[in-house]
Every structure is written in C-alpha cells, then in structure tokens.
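Subject: A structure for you to look through

Hello,

Please find below the sequence and the structure that I promised to hand over. Open them side by side if you can, and then read on for what was found.

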Amino acid sequence: MKIAIVSPGLYPYGALVIGGVLKDKGHKVSLFNELDARTISGMDVVGLSLTSTLHLLSTKEFISKLKFGLNPPFIIVGGPVSQAPDLLLSHLPEVDAVVIGEGEETTPELLEILDRGGDLDEVCGIAFKHEDEVIITPQNEPVNLDHRPLPFIPPDLKNQDVRTANTVIETHRGCSGNCTFCLVPKMFKHRIRSRPIDDIVEETRWFMSHGIRRVGMSLSTISQYGWESGLNESNFTRLLKEVSEVIGPMNLASPDIRVDMVSEDILRAIKDYTAGYVVFGIESGSDRLLSRMRKGITVDDIIEAVNLARKVGLRVSGSFITGYPGETDEDHEKTVDLIGELMLDDVWVNTVSPIPGTKLAEEIVKLPIKENPAFIKAENDIGRLHDLTVAESRSLDLLLTFATAAPIPIPLTDKVYSTYLKGIKAQTEEVVLCTNMIRNFYSRIT
Ligand code: SF4
C-alpha cells in the first residue's frame, strides 16, 4: 500500500518507528511534517501522528480536504491523542480509525485487514465510528520492543531541532511515576520495558548514516532505563557509554530526569558520557501542590538532587508548571523562593495543559472557568499592565526570578521581556483552546 505518515510541525519519534515497521512489511512509506493536502495525493492510507491536543483543531481542515478529494485515502490517527478516542472522533469525524496507544503491531494488522476487505472490529487496539457510535476494540498486549525494524528517516530529519537534538531515541517505555498531568502512566500502566543496548547503538549508527548529528535519549525519565525493581545504575551507565562512543558525548543529551531517580553514579555517567546537563521535572516549590500533582517528590528531594548534580559538575535546568488547579498565592511564592534559591542554569515554565485521558484533564473539566487560573484575570500590577491571567502572571514572575537568580544573570532587556511575554501568551492561548474543547465535549456527553 502507498502510505503517507503526516505530523504537523515536526517528525515525532513514534512516526519514524511506525514508518520503519510499515516499510519492513513491504509498504511504500513517505513521511511529511507539514499539512499540505496537495503533496499527499494518490495515497491509499494517510496516518496522522498527533502529539498535542491542539492538533485536533489544527488538522481539521487538512483532513476534510483529504477526504473530499478524488479517491480519498483511509485516514488513521495515532499518537498520544489516541488516549481519548471518543473526543478525537467527535472533533475529527472524517477519521476512519484511531490506533490507541502502541502502534507497532496494531497498525500493520489494521492495514492487512483493510487490504483483504475485512471488518475493522477484527483489529484489537483501535477505535472507529459505526453509525455514530464509537466502537473501541479490546486492548492489545504490550508490544515486544526488542529487535524491531530500524526507523524510517526522512531526508530533512537532519535539519530538525528539538531542544538542540535532531531526534530522540527511545531507550525504554513507561515510568514508575504517577503525575496527574502526564499520559505516560495511563499509556504504559507503570510497566517499564527497556530496549536492548545493542538495538539502541545500532539505531544511533543508522541515524548517523542519514546525517543526524545530535540525539536525545529517552522519551521519559532517562535514569529508569534498565529498571527492574529499582534503578539499574550499571545498565544505565553502559547504555550512555556505548552510545556516546558512537556519536560523541557532546552530541548526546539525556536531560529529562526525576529528582528522586538519581544517584551520584547516575549523574556521573551523564556528566562523563553526554553533553553534561540535566532537566529536572520540578514543577512547584510547594509540597502541598507537588502532592496534589502526585509527583511523589518533596522540595527537599529537589534541593538534594540539584546539589548532587552540581557536585558532579552538571549544568542543571528545571521545568515548572503554573496554573495548576488550586494553586494559591502562597504556593506560587514558595516556587518563586525555590527558583531564587536553586539558581538554575535554565528553566522551562509551562501553563499546565489538560491532556485528555489524564487525571488533570478530569479535574479541569469539572473546575468552573471562574476558578481556572488559565482564565481568571490577574489583579496584580503586572497582570493589569499586560492584561495577563493568573497563570500568565505567575509564569512571568517565575521567568523574571530565574533571570535575576541565574548563575550568570540574564539582562532584562526589552527584547528578553517581550520574548517571555509572547511565549507565555501563546502557551496560554493553546491551553484555553484545549480546555474549552474538552469541557465542551465532556459537558455534551455527561
Ligand atoms: S515522571 Fe515524567 S514521565 Fe513519569 S509520570 Fe511524571 S511526568 Fe510522566
């Protein structure tokens, strides 16, 4: 079959993997990172790999164009958005099937059934519409990650820049964490499966042979690689060492890590075999809010991990969330104080987004808009000056605190200030759109 895999804006790693699997099965595969119906004509199947809730809105017109052309393709959607198939099929009614969760086995099975004219309900792990009813077939078993086909690499992947890497490489799937805002626990049920080191090294060489220069390790907290009933420091170290020997430490990043999943050996391995920085998921300086987020960490854990990372010579960044339901001014002040104390090398501040399928999304659907910090106008001076919401005003506050507390303080020029403001507003705009979408949908069906 002729298959186009399309993702808006970038090539997600999952799309490369599915492309490789389908090519291995003998299909003719192409990958695209923009929504242009004219370049995708004559396909039997179009698979959309959608990673963000916003994609449910941004792909609507594209899908309609595909469907109303001559010989419309069969349209499949996969990716994290598949965790809410009812919402997805309501927003994108022209989609023929949703591959829920892991697609390596489900997608080829679905294509085989299509090829022989079988019924969709013969395929496990999908959702589709039948006479206005959403049918969800029984779940598939978790896939075997060992020795799978090499990813499909589009020629321009070498030009992609995702947090300085051209692509990530998956090292393992799953996480032992239970954060309310994250889909990983729902998708993988806390079961951590690690790929063989030889496969990861071979894949690194494969990417390099296609011009890829920099890769990031893992799609979730990296130090859980090789996890059995706890951290596996020797496997983790061997993984980084072997990949680093192939691509060079400066071209390898393994940033994302939980503060309670580190040890001196783990951090030393990151220092010795990668570009030398970590990004801790800190989220908040308030124990009360960390507990509401089910982060499973405390502020003391955060301080200890940051100090340990500094001790071994790593640069340390942190990611933070604002606008979490129930966040008080006191919680926010604690986060400001923590950023001031930690003197991080960089920060990522995000207005929390309700990803359908997460516990947080369930909570936000029930939360009245007048209590949602992403919607309420801030009553402080800076909020009134820039017409900010509470979440936006707190994000700005955190960024300004970081800029003045950083080891090399960032001069607050007009350009820096307006970049912060622009980024914050764009982010909240997305959050508001997604929140309205899921609230409208769930209010209709309850
Ligand atoms: S630690 Fe990271 S990957 Fe794990 S549940 Fe929390 S946010 Fe998700």
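Two strands are said to pair if DSSP finds at least two bridges between them, and the helices and strands themselves are DSSP runs, numbered from the N terminus, with helices being H or I of at least four residues and strands being E of at least two. What you have is a predicted model, in which local features need pLDDT of at least 70 and side-chain atom pairs count only at pLDDT 80 or more, while totals for chains, interfaces and linings use all residues. Residues are numbered from 1 along each chain as its sequence is written, and side-chain values use heavy atoms, with hydrogens and water left out.

I begin with the sheet of 3 strands, which is open, has the order β8-β11-β12 and is paired in parallel. Its edge strands, each pairing on one side only, are β8 (167-169) and β12 (252-253). Between β8 and strand β11 (residues 215-217) there are 3 bridges in the parallel sense, and Ile169 has Met217 in β11 as its bridge partner. Helix α7 packs on this sheet and touches β8 and β11, where contact means heavy atoms within 4.5 Å, and the direction of α7 makes about 160° with that of β8. Such angles run from 0 to 180 degrees between N-to-C directions, and axes are lines fitted to C-alpha atoms, for helices over the stretch in contact.

Next come the helix pairs.

Two packed helices are described by the angle between their axes and the distance between the axes. For α7 (residues 197-208) and α8 (residues 233-247), the axes come within 10 Å and cross at roughly 25°. That makes α7 roughly parallel to α8, given that angles under 35 degrees count as roughly parallel, over 145 as roughly antiparallel, 65 to 115 as roughly perpendicular and the rest as oblique. The residues of this contact divide into 8 nonpolar, 2 polar and 4 charged, where Ala, Val, Leu, Ile, Met, Phe, Trp, Tyr, Cys and Pro count as nonpolar, Asp, Glu, Lys and Arg as charged, and the others, Gly among them, as polar.

Helix α8 also has a contact with helix α9 (residues 264-273), and here the axes come within 9 Å and cross at roughly 0°, which makes α8 roughly parallel to α9. Among the residues that make this contact are Phe236 and Leu240 of α8 and Ile266 and Tyr273 of α9; the contact residues divide into 6 nonpolar, 2 polar and 3 charged.

The sheet of 4 strands is likewise open and parallel, in the order β13-β14-β15-β16. Because β13 (256-257) and β16 (346-351) stand at the edges with a single partner strand each, one side of each is left without a neighbour in the sheet. Strand β15 (residues 315-322) pairs with β16 over 6 bridges in the parallel sense, and Ile321 stands opposite Asn350 in β16. Helix α11 (residues 299-311) packs on this sheet, touching β14 (277-283) and β15, and its direction makes about 170° with that of β14.

Which residues are around the ligand? They are Cys175, Gly177, Asn178, Cys179, Phe181, Cys182, Pro185, Ser220 and Arg258, a residue being near a molecule if one of its heavy atoms lies within 4 Å of it. This shell divides into 5 nonpolar, 3 polar and 1 charged.
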